[in-house]
Amino acid sequence: MKLAVWTYEGPPHVGAMRVATGMQGLHLVLHAPQGDTYADLLFTMIERRGHRPPVSYTTFQARDLGADTAGLFKAACQDAYDRFRPEALLVAASCTAELIQDDPGGLAETMGLPVPVIPLELPSYQRKENFGCDEAFLQIARALAQPMARSEQVSCNILGPTGLGFRHRDDVTEIAGLLREMGIAVNMTAPMGARPSDIARMGQAHFNVLLYPETAESAARWAEKTLGQPFTKTVPIGSRATRAFIEEVRALSGSTAPVNDSRMRQPWWAASVDSTYLTGKRVFIYGDGTHAMAAARVARDEMGFEVVGLGCYNREQARPLRALAKEMGVEALVTDDYLEVEAAIEAAAPEMILGTQMERHIGKRLGIPCAVISAPVHVQDFPARYSPQMGFEGANVLFDTWVHPLVMGLEEHLLAMFRDDFEFHDAAGPSHHGGHAPQAIHLDPEQPSEPAPAVTAAAAEGGSMPPEAAPPAPASDNVIWLACAEKELKKIPFFVRGKARRNTEAFASQQGLHEISVDTLYEAKAHYAR
């Protein structure tokens with residue numbers, strides 16, 4: 001654990017909260033100080049849920065540490081049961097409460113509550129949020145699920161979706177519809193939407209569909225061993241993965257029902273004439289392991305992009321991600337330090353980023369378009385509309401989400417290229433206003449305009465010039481860009497302009513030049529093109 005401005009994952013108790021919040025009829029009692037109640041905002045503000053998470057806090061304070069904090073926890077457990085009457089009770093400690101070692105599980109077991117009490121051991125200083133999800137769901141399954149006779153109709157469980165998950169709501173709807181089309185019943189979906197009584201009949205299903213390994217792989221492996229239920233290994237993100245998922249489900253279920261894929265437009269749109277100019281675009285991908293690896297395959301195999309960077313923040317997925325990165329000829333980036341991620345993106349100089357909310361901010365700073373493909377995300381990535389990432393419709397959503405930033409970037413580049421055109425320069429005004437446009441300015445390069453009065457006055461009085469009138473700032477190693485070279489540099493697309501600037505400055509330094517002209521810019525371009 002470390003202090004940071006940004007973190008990709010919260011502590012493990014946030015993961016346990018995501019599981020509890022996704023379920024119904026379950027309550028989590030969290031031994032935590034008053035300050036740890038901030039996690040409620042993640043669900044009510046960011047996910048826009050209409051109710052508070054089913055979590056009770058002991059909310060002990062500093063003055064309570066000299067007294068009986070164990071008594072506070074037992075009182076909180078009793079109050080939670082009396083008020084909410086859950087079918088089962090989860091008990092855990094937050095990262096702060098872990099230090100006082102009160103053993104919430106042991107304390108709750110001595111109370112004799114008439115419902116199952118499921119203790120969670122969450123090592124807050126070694127593991128993180130996704131581990132908390134995975135461990136909480138595993139312990140719930142162990143405590144409640146039992147081997148039993150299979151359902152008469154071939155059925156499956158959908159495992160992995162939680163509260164605060166990236167597009168989990170819509171992914172479940174998409175995949176459940178696909179399974180029904182194949183003639184397979186959904187026995188239950190868990191954790192999200194399930195009750196403890198639903199978990200108890202988990203063993204009725206013939207197999208499990210694992211959508212998110214980060215949050216449910218341990219439970220899927222336990223069910224395979226204990227309940228005799230195999231589980232799917234393919235995550236159906238993208239058109240190719242969705243078809244592979246269908247074949248895997250056919251092998252597990254024996255289904256031969258036809259599947260209508262006519263609504264999947266992504267393969268044709270990605271191959272159509274107006275999309276071919278996107279082929280070969282350099283893309284940097286970062287997120288949780290599952291979404292990052294799926295995005296890399298879609299980017300390379302379905303969109304025709306060139307993957308120049310691939311990374312994840314959860315070390316549990318490091319091994320398969322490194323294997324995929326090696327296959328793609330790039331070095332894997334496994335880190336949860338956003339500054340390392342920013343440095344890697346800047347060095348790769350991609351034309352597009354596929355990442356999390358933080359990579360969106362990084363992209364803004366570097367002038368690179370970004371599409372969000374993975375948690376953590378902010379409120380805009382919990383849309384009111386139907387917007388899955390998985391299945392046939394998910395493939396369509398991926399195409400729209402990834403292509404639109406590049407198209408908008410192209411429009412920005414064209415506007416920048418023609419910034420000096422008589423119709424598009426800043427002083428021209430909106431073209432549809434016609435006669436109300438400001439008076440045209442002189443753009444004749446042979447007749448330089450007089451300096452603005454404010455600039456002349458400031459110079460005469462020895463004051464500072466306005467930022468827009470100031471000469472270009474010296475570059476590294478005392479290399480100065482001439483105005484004509486700066487103007488020519490702006491014609492280069494914004495998503496590679498930074499790299500072009502750095503390469504030109506490096507070339508000028510190597511040649512012993514102190515001024516960069518238009519000729520220097522093109523000489524540097526020719527040098528690095530060899």
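Visitor: How many helices and strands does the chain come to?
Guide: The secondary structure comes to 19 helices and 14 strands, where helices (H or I, at least four residues) and strands (E, at least two) are DSSP runs numbered from the N terminus. This is a predicted model, in which local features need pLDDT of at least 70 and side-chain atom pairs count only at pLDDT 80 or more, while totals for chains, interfaces and linings use all residues. Residues are numbered from 1 along each chain as its sequence is written, and side-chain values use heavy atoms, with hydrogens and water left out.

Visitor: And what percentage of the residues count as buried?
Guide: Of the 530 residues in the chain, 51% count as buried, a term that means under 20% relative accessible area, with exposed being over 50% and partly exposed in between (1.4 Å probe, protein chains only).

Visitor: Which residues have the most contacts inside the largest nonpolar core?
Guide: They are Tyr 8, Leu 28, Leu 90, Ile 140, Leu 159, Ile 199 and Met 202, in a core of 64 residues; a nonpolar core is a set of buried Ala, Val, Leu, Ile, Met, Phe, Trp, Tyr and Cys residues joined through side-chain atoms within 4.5 Å. Helix H5, residues 129-144, gives the most to this core, with seven residues.

Visitor: What is Leu 90 in contact with?
Guide: Leaving aside neighbours within four places in sequence, Leu 90 is in contact (heavy atoms within 4.5 Å) with Ala 20, Leu 26, His 27, Leu 28, Val 29, Ile 118, Leu 120 and Ile 140.

Visitor: Back to H5, at what angle do H1 and H5 pack?
Guide: Helix H1, residues 12-22, packs with H5 at an angle of about 50 degrees, and their axes are 6 Å apart. Axes here are lines fitted to C-alpha atoms, for helices over the stretch in contact, and angles run from 0 to 180 degrees between N-to-C directions. The two helices are therefore oblique to each other, since angles under 35 degrees count as roughly parallel, over 145 as roughly antiparallel, 65 to 115 as roughly perpendicular and the rest as oblique.

Visitor: New topic: where is Gly 160 found, and is it buried or exposed?
Guide: Gly 160 is found in the loop between strand S5 (155-159) and helix H6 (168-181), and Gly 160 is buried, with a relative accessible area of 0%.

Visitor: What does Gly 160 touch?
Guide: Not counting residues up to four places away in sequence, Gly 160 touches His 168, Ala 190, Pro 191, Tyr 212, Thr 215 and Ala 216. Gly 160 and Glu 217 are 57 residues apart in sequence and 7.9 Å apart in space, C-alpha to C-alpha.
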